[in-house]
Amino acid sequence: MRMYDLIQRKRNGGVLSDDEIHYMISGFTNGEIPDYQMSAMLMAIYFKGLNEKETLTLTLEMAHSGDMLDLSPIQGKIVDKHSTGGVGDKTSLILAPMVAAFGVPVAKMSGRGLGHTGGTIDKLESIPGFSTTLTINDFIRNVNEIKLALVGQTQDLAPADKKLYALRDVTATVDQISLIAASIMSKKLASGADAIVLDVKTGSGALIKREEDSITLARTMVKIGKRAGRKTSAVISDMDQPLGYCIGNALEIKEVIETLKGNGPKDLTELCLVLGAQMLFNVDAVSSIETAMDQLRELIDNGSALKKFIQFVKAQGGDETAIHDTSLLPSASITEDIPAPGEGYIIKMHTDAIGAVSMILGGGRQTKDSPIDLSVGLVLHKKTGEFVKKGDILATLHANDPKKLLAAKEKLLEAYKIAAFQPSLPPLIHEIIL
Ligand code: URA
């Protein structure tokens with residue numbers, strides 16, 4: 001078999017067999033197939049696509065390129081959740097303790113991620129003492145004892161995806177639906193959970209911006225999950241404005257705590273209830289989505305979800321006092337309120353640009369090795385659809401560097417679009433794919 005022939009066939013719109021995909025992924029992972037040939041293949045796939053069978057085979061090859069986690073020592077059916085990412089998305093940190101408080105085990109591996117803030121793991125690291133690395137034995141023990149553990153992804157989880165993603169990132173081939181689906185699902189399958197819930201974002205702050213593409217991505221991933229024997233569903237949720245009000249690592253932890261106390265933003269709370277209900281449903285812990293939502297709401301109202309979060313923080317070495325007194329979390333040295341430049345309705349928030357504000361302040365990383373400032377970010381005061389008078393505060397920026405603050409201010413004002421008419425708002429939940 002020659003990689004040249006496979007590239008040529010895909011370039012001409014042909015189909016790759018299971019054996020050929022195996023040859024390509026194992027050869028690329030072990031270094032026999034060079035980056036330049038894989039880059040050409042990625043571009044051919046970008047333009048010609050992969051059919052359903054090719055996408056499934058690629059996913060399974062990448063999942064099996066490293067360790068397939070064996071979570072069988074964990075009692076009960078385990079559920080995992082993944083988000084395609086968005087601005088202010090801190091749902092995992094609310095969902096995990098909520099679902100664990102219900103009694104369903106959550107054993108989750110999360111990434112750090114590149115983007116406007118860090119990933120779930122970075123956010124957790126803003127809690128003093130919190131450890132995101134556990135041995136596999138401690139990981140399993142914690143899940144058995146308290147129903148919840150959340151750690152960073154190990155090096156051995158789907159290494160083919162890691163290598164391939166790095167190449168996609170520099171060859172403009174990230175935003176191809178089959179490649180995204182295979183990338184996400186290979187890690188989910190290797191992570192060993194019995195059931196999976198996918199939060200596929202759509203809108204100006206999402207990786208996939210058009211609703212029809214988000215739906216195609218969701219359908220592709222749900223099919224892969226089911227074919228691999230995992231009960232899988234996807235929620236298409238709105239990312240045409242940020243989720244909640246806080247963007248930035250430690251700032252998001254504060255919003256997580258408020259949400260677990262029952263004082264969270266409406267959109268964030270609602271989405272967590274919808275995703276949480278799907279998680280419970282997919283492990284057959286409830287008979288209906290409606291009752292699951294009511295039961296999860298009750299776990300917030302009666303304090304059980306927050307209690308579980310505190311138990312989880314302590315179990316992974318975190319300082320519980322920082323949860324009770326959030327002034328102990330990292331905080332920035334400068335805060336500045338940004339006033340509205342005029343009067344009218346906020347008709348649009350360019351959500352990518354809002355994310356870029358956090359990035360400019362230092363809250364995210366450009367490359368996987370760049371440093372990240374856990375204390376910076378922004379707190380929104382106004383969101384799409386709201387009426388503002390000139391001088392009303394749109395957002396508060398949290399910064400440590402006056403120069404970055406200046407650039408962030410400009411970016412923030414570009415992100416808000418104010419006009420005289422009231423806009424219609426998209427729904428929070430666009431669709432659920434079962
Ligand atoms: N997230 C992933 O894990 N992979 C992709 O390809 C895109 C987003």
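Is D284 buried, partly exposed or exposed?

What we have here is a predicted model, so local features need pLDDT of at least 70, side-chain atom pairs count only at pLDDT 80 or more, and totals for chains, interfaces and linings use all residues. Residues are numbered from 1 along each chain as its sequence is written, and side-chain values use heavy atoms, with hydrogens and water left out.

Okay, back to D284. With a relative accessibility of 48%, D284 counts as partly exposed; buried would be under 20% relative accessible area and exposed over 50%, with partly exposed in between, using a 1.4 Å probe and protein chains only. You'll find D284 in the loop between α12 (266-282) and α13 (289-301). On the naming, helices (H or I, at least four residues) and strands (E, at least two) are DSSP runs, numbered from the N terminus.

A158 is another one to look at. Here phi is positive too, at about 45 degrees, and again this is not a glycine. A158 sits in the loop between β3 (148-152) and α8, but this residue is buried, at a relative accessible area of 1%.

Now, the ligand. Who's around it? The residues are Y165, R168, I180, S183, I184, K187 and L207, where being near takes a heavy atom within 4 Å. Helices α8 (159-170) and α9 (177-190) each supply at least two residues of that shell, and α9 gives the most, with four. By type, the shell splits into four nonpolar, one polar and two charged.

Let me go through some distances. A side-chain N or O atom of R168 is 2.8 Å from an oxygen atom of the ligand. For S183, a polar side-chain atom lies 2.6 Å from a ligand nitrogen. And K187 has a polar side-chain atom 2.4 Å from a ligand oxygen. On its own the ligand exposes 240 Å², and the protein buries 86% of that; those areas are Shrake-Rupley, with a 1.4 Å probe.

Next, rings. Phe, Tyr and Trp rings (for Trp, the six-membered one) pair if their centres lie within 6.5 Å; planes under 30 degrees apart are stacked, over 60 edge-to-face, and the rest tilted. By this rule we get four aromatic pairs. Take F130 and F312: their ring centres are 5.4 Å apart and the planes are at 65 degrees, so that's edge-to-face. This pair links distant parts of the chain, with F130 in the loop between α6 (120-125) and α7 (136-146) and F312 in helix α14 (residues 304-315), 182 residues apart. Both F130 and F312 are buried.

Then there's Y345 with F387, centres 5.2 Å apart and planes at 70 degrees, so also edge-to-face. Y345 is in strand β8 (residues 344-349) and F387 in strand β10 (residues 387-388), so this pair ties together parts 42 residues apart in sequence. F387 is partly exposed, at 40% relative accessibility. Ring pairs also link F130, F309 and F312 into a cluster.

Definitions and conventions:
A polar contact is a pair of N or O atoms within 3.5 Å; within protein, one must be able to donate a hydrogen and the other to accept it, and residues adjacent in sequence count only if both atoms are side-chain atoms. Ala, Val, Leu, Ile, Met, Phe, Trp, Tyr, Cys and Pro count as nonpolar, Asp, Glu, Lys and Arg as charged, and the others, Gly among them, as polar.
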